[in-house]
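Subject: Structure handover

Hello,

Here is the structure we talked about handing over. Please open it alongside this email.

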Amino acid sequence: MFEFTLEASSSAARSGRLALPHGTIETPCFMPVGTQGTVRALSPNDLRMAGATLVLANTYHLHVRPGEDVVAQLGGLHRFMAWDRPLLTDSGGFQVFSLAGFRRVSDDGVEFQSHLDGARRFLTPERATEIQWTLGADVAMAFDHVIPGVADEKTARDALERTLQWLERCAKRHQELRRSGGQADGAAVTERQSACPPVRQTLWPILQGGTHLTLRGEGLRRILEMGSWSGLAMGGLSVGEPKPAMYEMLATLEPRLPPALPRYLMGVGFPADLVAAVERGMDLFDCVAPTRNGRNGTAFTPDGPVNIRNAAYREDARPLDETCDCEACTTFSRGYLRHLFQAEELLGLRLLSLHNVRYLIRLAGEMRGAIRDGSFAGWADSWRHRYLQPDLA
Ligand SMILES: [Zn+2]
């Protein structure tokens with residue numbers, strides 16, 4: 001379990017398979033974000049239709065509402081959200097550090113204010129690990145200290161040191177939970193629980209270090225020395241730093257990454273970034289971009305983004321994306337989709353979200369195919385040539 005098999009590579013770009021308790025996923029893989037235990041406007045059926053194999057849920061949000069104990073009472077996160085394929089939970093670090101409100105960081109953890117009721121809460125590496133264990137996702141993430149992408153070296157060094165210390169504590173707590181048979185409080189396994197196999201979960205470290213190459217390199221070395229992991233996440237990128245800085249960072253780090261570990265680039269999911277990151281050896285991605293843009297009326301297409309509210313589409317009988325097999329594209333015209341947005345109908349939000357998720361999953365699939373047949377470099381050039389054209393549609 002948690003084994004990653006590399007199937008093909010084409011320079012740095014790779015395709016592979018990752019075996020997880022709730023299924024095997026193929027990489028490169030885009031995972032839609034289910035912030036509150038739901039991918040906004042999409043049902044699990046929609047996600048299956050879109051071809052999603054792995055979904056991300058937010059630990060912070062599920063912790064403050066409804067609370068991980070409620071989720072556990074209702075059968076764990078998979079059953080709670082009726083998603084039987086693999087799930088990954090983030091650690092809550094990103095939310096704790098990015099949501100507005102009071103926040104106090106110490107080496108022990110972070111005291112913060114709930115965005116819901118303003119109540120003071122305290123999250124430590126151990127708590128973040130316990131919450132994720134209780135939720136029961138296939139992959140849990142280590143609790144990290146997230147800083148803005150443009151942070152200076154001293155701030156980035158400080159956050160890296162803290163993240164590494166916290167990683168040790170997360171790993172220790174995760175091991176204890178695995179040994180204790182699944183109870184977050186370490187108590188004996190009850191009769192009811194012993195009837196089901198314990199939840200199997202793996203924990204992935206997050207590499208921080210901002211845009212400072214020496215810090216990233218050092219962080220990577222220390223993470224790999226700390227233990228044997230089943231995956232590795234790149235954090236703190238795509239958080240406000242210039243795009244070329246992110247690409248350069250990935251290209252520099254790639255040769256130092258162990259080929260046998262899947263590499264998860266957190267928070268990246270605009271089409272051109274996805275292609276650029278796969279070119280630089282990344283395997284897994286998550287982003288709210290497809291659903292957030294979909295709700296704003298922006299659709300990804302092979303010819304670049306389209307804003308469906310544009311008056312030019314009023315009498316347009318063509319599908320949104322003639323290459324796409326999603327419900328929005330096989331059933332409705334651009335003119336009808338535009339009408340839904342003009343009339344503020346909920347169906348429009350669902351259809352464009354569905355299309356955008358499907359678009360990114362198809363994009364990942366196309367890249368897999370091109371890597372496998374050795375045509376990735378040429379594929380990427382022609383993809384970019386078409387996508388980055390000004391909107392001619
Ligand atoms: Zn579509």
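Below is what was found in it, grouped by region.

Please keep in mind that this is a predicted model.

**The cavity**

By the rule used, there is one cavity of 30 Å³ or more. The largest cavity holds about 40 Å³ of space. Two elements each give two or more residues to its lining: α5 (93–98) and β8 (110–113). The lining residues are Tyr60, Gln95, Val96, Leu99, Ala100, Phe102, Arg103, Phe112 and Gln113. By type, the lining of the largest cavity splits into six nonpolar residues, two polar and one charged.

Tyr60 sits in helix α2. Its relative accessible area is 2%, so Tyr60 is buried. Beyond residues up to four places away in sequence, Tyr60 touches Asp90, Gly92, Gln95, Val96, Leu99, Phe112, Gln113, Ser114 and His115. Gln95, Val96, Leu99, Phe112 and Gln113 are also among the residues that line the largest cavity.

**Gly109 and Leu123**

Leu123 comes up again with Gly109. Gly109 lies in the loop between β7 (103–105) and β8. It is buried, because its relative accessible area is 0%. Gly109 and Leu123 are 14 residues apart in sequence, and their C-alpha atoms are 5.7 Å apart. Leaving out residues up to four places away in sequence, Gly109 touches Arg104, Phe122, Leu123, Thr124 and Trp166.

**The second largest pocket**

This pocket has a volume of about 820 Å³. It is lined by 40 residues, and those closest to its centre are Val33, Phe94, Gln95, Asp286 and Val288. Gln95 also lines the largest cavity. At least two lining residues of this pocket come from each of α5, β15 (284–287) and α12 (289–295). The largest share is that of α5, with four residues. The lining of the second largest pocket divides into 15 nonpolar, 17 polar and eight charged residues.

**Asn356**

Which helix holds Asn356? It is α15, residues 346–372. Asn356 has a relative accessible area of 0%, so it counts as buried. A polar atom of the Asn356 side chain lies 2.8 Å from the backbone nitrogen of Phe300. Setting aside neighbours within four places in sequence, Asn356 is in contact with Pro290, Asn293, Gly294, Thr298, Ala299 and Phe300.

**Helix α10**

Helix α10 covers residues 243–253. Its buried residues are Met246, Tyr247, Met249, Leu250 and Leu253. Viewed down the axis of α10, these residues fall within an arc of 160°, so they line one face of the helix. What packs over them? The cover of the buried residues of α10 includes β12 (206–207), α9 (213–226), β13 (232–234), β14 (263–265) and α11 (271–279).

**Backbone points to check**

There are cis peptide bonds to look at. One joins Thr27 and Pro28, with omega about 0°. Pro28 is in the loop between β3 (23–27) and β4 (29–34). Another joins Arg65 and Pro66, with omega about 5°. Pro66 is in the loop between α2 (59–64) and α3 (68–73).

Phe2 has phi near 65°. Phe2 belongs to the segment before β1 (4–10). Is Phe2 buried or exposed? Its relative accessible area is 12%, under the 20% cut-off, so Phe2 is buried. Ser238 has a positive phi of about 60°. Ser238 lies in the loop between β13 and α10. At 31% relative accessibility, Ser238 counts as partly exposed.

Best wishes

Key
Residues are numbered from 1 along each chain as its sequence is written. This is a predicted model: local features need pLDDT of at least 70, side-chain atom pairs count only at pLDDT 80 or more; totals for chains, interfaces and linings use all residues. Side-chain values use heavy atoms; hydrogens and water are left out. Buried means under 20% relative accessible area, exposed over 50%, partly exposed in between (1.4 Å probe, protein chains only). The arc is that of the directions from the helix axis to the C-beta atoms. Contact means heavy atoms within 4.5 Å. A polar contact is a pair of N or O atoms within 3.5 Å; within protein, one must be able to donate a hydrogen and the other to accept it, and residues adjacent in sequence count only if both atoms are side-chain atoms. On a 1 Å grid over the protein atoms alone, a cavity is a set of points where a 1.4 Å probe fits but cannot get out, and a pocket is an open set with protein on both sides within 12 Å along at least five of seven lines; lining residues have an atom within 4 Å of a point. Grid points are joined across faces, edges and corners, and a volume is the space filled by probe spheres set on the points. Ala, Val, Leu, Ile, Met, Phe, Trp, Tyr, Cys and Pro count as nonpolar, Asp, Glu, Lys and Arg as charged, and the others, Gly among them, as polar.
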